[in-house]
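Please examine the structure shown below.

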Amino acid sequence: MNDLKNALIKAQEDVRANCPMAPSITNFVTIDFVANAQIAVGGSAAMVYMPDEGGAMAEISKCLYINVGTLIPVHAETVPNAAKAAHEKCAYVLDPVAAGMGELRTKLLTDMKDYPPAIVRANASEVITLAKMWGLIDTDEGKVRGVDSTESVESAREAAETLARFIKGAVCVSGKDDLITDGERTILSFGGSEYFARITGSGCSLGGVCAVYHSVTDPFTAAVAATNAYNVAGAMAEKKAEGTASFKVAFLDALSNMTGDDLAACPMKEI
Amino acid sequence: MNDLKNALIKAQEDVRANCPMAPSITNFVTIDFVANAQIAVGGSAAMVYMPDEGGAMAEISKCLYINVGTLIPVHAETVPNAAKAAHEKCAYVLDPVAAGMGELRTKLLTDMKDYPPAIVRANASEVITLAKMWGLIDTDEGKVRGVDSTESVESAREAAETLARFIKGAVCVSGKDDLITDGERTILSFGGSEYFARITGSGCSLGGVCAVYHSVTDPFTAAVAATNAYNVAGAMAEKKAEGTASFKVAFLDALSNMTGDDLAACPMKEI
Amino acid sequence: MNDLKNALIKAQEDVRANCPMAPSITNFVTIDFVANAQIAVGGSAAMVYMPDEGGAMAEISKCLYINVGTLIPVHAETVPNAAKAAHEKCAYVLDPVAAGMGELRTKLLTDMKDYPPAIVRANASEVITLAKMWGLIDTDEGKVRGVDSTESVESAREAAETLARFIKGAVCVSGKDDLITDGERTILSFGGSEYFARITGSGCSLGGVCAVYHSVTDPFTAAVAATNAYNVAGAMAEKKAEGTASFKVAFLDALSNMTGDDLAACPMKEI
């Protein structure tokens with residue numbers, strides 16, 4: 001744990017020092033929140049949609065962010081282009097939003113097995129669905145039926161650990177508590193706020209922030225850093241909030257003032 | 001009126017208890033505001049663009065929200081698919097943003113006459129334009145020339161009542177005061193704030209919130225509930241606002257704390 | 001300078017009196033910020049994407065805003081249509097976001113030389129890149145290598161002045177200080193906040209606000225008015241900010257309370 005805490009402190013320092021750009025292909029609902037969260041922690045944002053731009057971004061950055069919410073037809077070409085380029089030349093964080101819904105989304109996510117991300121950030125249901133899509137967990141056990149984001153993240157532990165080993169990276173399962181694993185180590189991160197479920201985009205923007213941290217450190221440390229940042233800032237913001245919108249303002253404010261020591265002080269437990 | 005007030009109280013309680021998802025096809029400008037307003041009153045949001053996804057959403061929800069602002073080519077297929085599916089399997093709320101402007105928008109709105117919404121939420125000009133498009137009011141009287149959202153909502157009363165009877169639902173005309181009618185009963189709801197005209201998306205998000213309430217109650221009660229929520233929250237927010245952006249934050253905060261008693265206490269008058 | 005200050009005061013008064021609509025074709029990230037900033041200073045916003053809508057907007061407004069961030073395929077037709085129509089029938093403000101990146105963006109910006117904007121609003125790097133694209137400055141001097149938005153705006157002075165003379169309008173180079181020129185007069189505007197670089201959309205929305213002011217005054221006065229509004233509101237907001245998100249709220253609040261006297265009182269210097 002001490003090594004991890006030191007790595008978190010260094011990650012935050014390196015992000016503030018280098019302002020890494022983590023380009024995104026992300027949904028229209030929370031695109032502004034993703035960009036502002038990435039900038040708040042010290043990174044830089046650039047959003048693209050055209051098929052040639054995802055690949056171009058992979059040439060000039062260390063980690064992309066791909067979020068498959070609100071697809072439009074151009075994503076059919078842009079997402080595979082960007083994911084392949086990022087897999088080969090740098091890395092990417094995947095948020096498999098609404099995995100299992102819609103033909104295009106299903107095809108895009110299924111095909112990503114051949115050029116997997118370094119980090120998957122999702123809720124319990126989406127992690128299990130993705131692991132099933134890729135044939136990594138037994139679908140006959142029926143464990144996944146009815147799982148949604150209100151379930152405990154621990155229900156997705158096996159899927160997450162299996163997925164993390166397959167991608168040789170990290171999986172971050174968001175819920176009341178948050179589970180992060182690289183397939184060897186699995187930890188829970190605590191804190192946050194019930195308000196996270198009452199605004200749109202806390203999950204999406206967390207994925208974007210994972211991509212900022214992964215520009216300066218390994219997938220597991222990056223996923224823990226991003227999650228801890230959200231848990232610390234969420235808990236601070238809840239104290240100031242008078243409703244959902246002032247929570248979001250206070251949360252982004254706290255994120256913009258985040259230090260490495262804050263990340264290291266976030267309650268965590270190895271499980 | 002007492003029956004209506006009791007129905008409003010029950011609607012808010014049912015929304016908070018069931019967290020109904022009201023999926024949207026909506027514009028890019030205010031998509032985040034729509035989602036956050038829907039969640040604030042107690043519902044859940046999901047935004048889609050692909051042609052197969054609107055229909056899929058109609059299978060798993062009680063009411064969609066379709067807003068025809070900022071169209072892109074994929075809407076040519078997605079909007080009719082979603083509207084038809086929702087008309088048959090559940091229901092939808094329509095915001096005919098900028099009705100009369102642009103070829104695609106005109107075609108989409110004209111065609112909806114064959115699979116009409118349960119609720120239309122619009123300003124006076126848009127309500128009159130839609131009623132004309134569908135041949136429901138006499139276009140030779142020239143009443144509509146120059147009508148825009150700064151006119152009194154009562155100028156659209158006849159169009160709104162005729163439209164409400166045609167769709168067998170409710171029409172909500174937003175303005176300084178707000179008119180809601182099911183073609184039999186017509187009421188005005190009072191309150192709100194002049195700040196509503198100085199931020200983008202108060203109308204769009206009101207349509208999305210109508211869809212949340214219509215997931216638990218009839219069109220007329222749903223339209224009144226949403227309008228009253230906006231009038232109560234707007235008046236509360238104006239007291240805290242130091243400008244347009246703090247108004248929006250305070251407004252969403254107030255919406256997130258809204259109770260059934262608040263909805264029932266909003267000043268209303270049958271006309 | 002006194003003439004300019006009087007023109008700034010008159011511009012703000014005319015905007016508040018006439019509420020000019022300045023329609024936009026703009027990116028998905030900051031579209032809400034653009035609209036809310038335009039409304040805050042006293043204008044009106046309308047965002048479009050369809051090929052026939054840009055031309056239609058040029059018929060009913062005095063100035064469009066075209067921002068080439070986050071392109072999707074439909075922009076290939078919509079941007080030239082709107083730019084040509086605006087060049088002929090009214091005017092437009094261009095934000096050449098990420099000039100030089102991507103095939104479609106390069107083509108759109110290159111072709112605009114034949115139907116240029118009245119105002120270009122960009123950072124130093126983008127201004128130099130656009131002037132090079134249009135063959136207006138010598139590309140062999142290598143001055144532009146490595147220029148990005150962190151460089152002083154004065155490094156782009158020559159490019160900006162040459163560009164302004166070519167378009168017979170004004171160029172606004174945003175940076176720590178801001179340079180505005182019409183090719184004859186060149187001024188610096190001071191103030192603002194370091195927070196501008198820590199939120200997304202301060203540049204994009206400034207372009208949209210230029211279009212609002214250019215609806216009531218000449219390009220140079222409009223560019224100065226918009227820049228001064230941002231510098232005054234940014235400095236006021238920094239005093240209230242507890243982080244990036246509360247800065248943005250306070251900034252938009254200040255913009256919504258902006259007066260002509262505020263614009264005239266902003267520190268400026270002719271260079």
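**The cavity and an interface**

By class, the residues that line the largest cavity comprise 23 nonpolar, seven polar and six charged ones. The model under discussion is a predicted one. The lining consists of 36 residues, and the space that lies in this cavity is about 680 Å³. The structure holds one cavity of 30 Å³ or more.

Which residues lie nearest the centre of the largest cavity? They are D32(A), K248(A), K248(B), D32(C) and K248(C). Helices of three chains contribute to the lining: helix 2 (31–40) and helix 10 (244–256) of chain A, of chain B and of chain C each supply at least two residues.

Attention now turns to the contact between two of these chains. Chain C brings 24 residues to the contact and chain B brings 22 residues. Between them, chain C and chain B bury about 1,900 Å², with 61% of this area on carbon and sulfur atoms.

Charged side chains also meet here. Three salt bridges are found across the interface of chain C and chain B. In a salt bridge between R105(B) and E53(C), the side chains meet at 2.9 Å, N to O.

On the side of chain C that touches chain B, helix 2, helix 3 (51–59) and helix 10 of chain C each supply at least two residues. Helix 2 of chain C gives the most to this side, with six residues. By class, the side of chain C that touches chain B has 15 nonpolar, three polar and six charged residues.

Conventions: Residues numbered from 1 in each chain as written. Chains lettered and ligands numbered in written order. Predicted model: local features only at pLDDT ≥ 70, side-chain atom pairs only at ≥ 80, totals over all residues. Heavy atoms only, no water. 1 Å grid on protein atoms, 1.4 Å probe; cavity = no way out; pocket = protein on both sides within 12 Å on 5 of 7 lines; lining within 4 Å. Points joined across faces, edges and corners; volume = space filled by probe spheres on them. Helix = DSSP H or I, 4+ residues; strand = E, 2+ residues; numbered from the N terminus. Nonpolar A, V, L, I, M, F, W, Y, C, P; charged D, E, K, R; others polar. Contact = heavy atoms within 4.5 Å. Buried area = accessible area lost by both parts, 1.4 Å probe. Salt bridge = Lys/Arg side-chain N within 4 Å of Asp/Glu carboxyl O.
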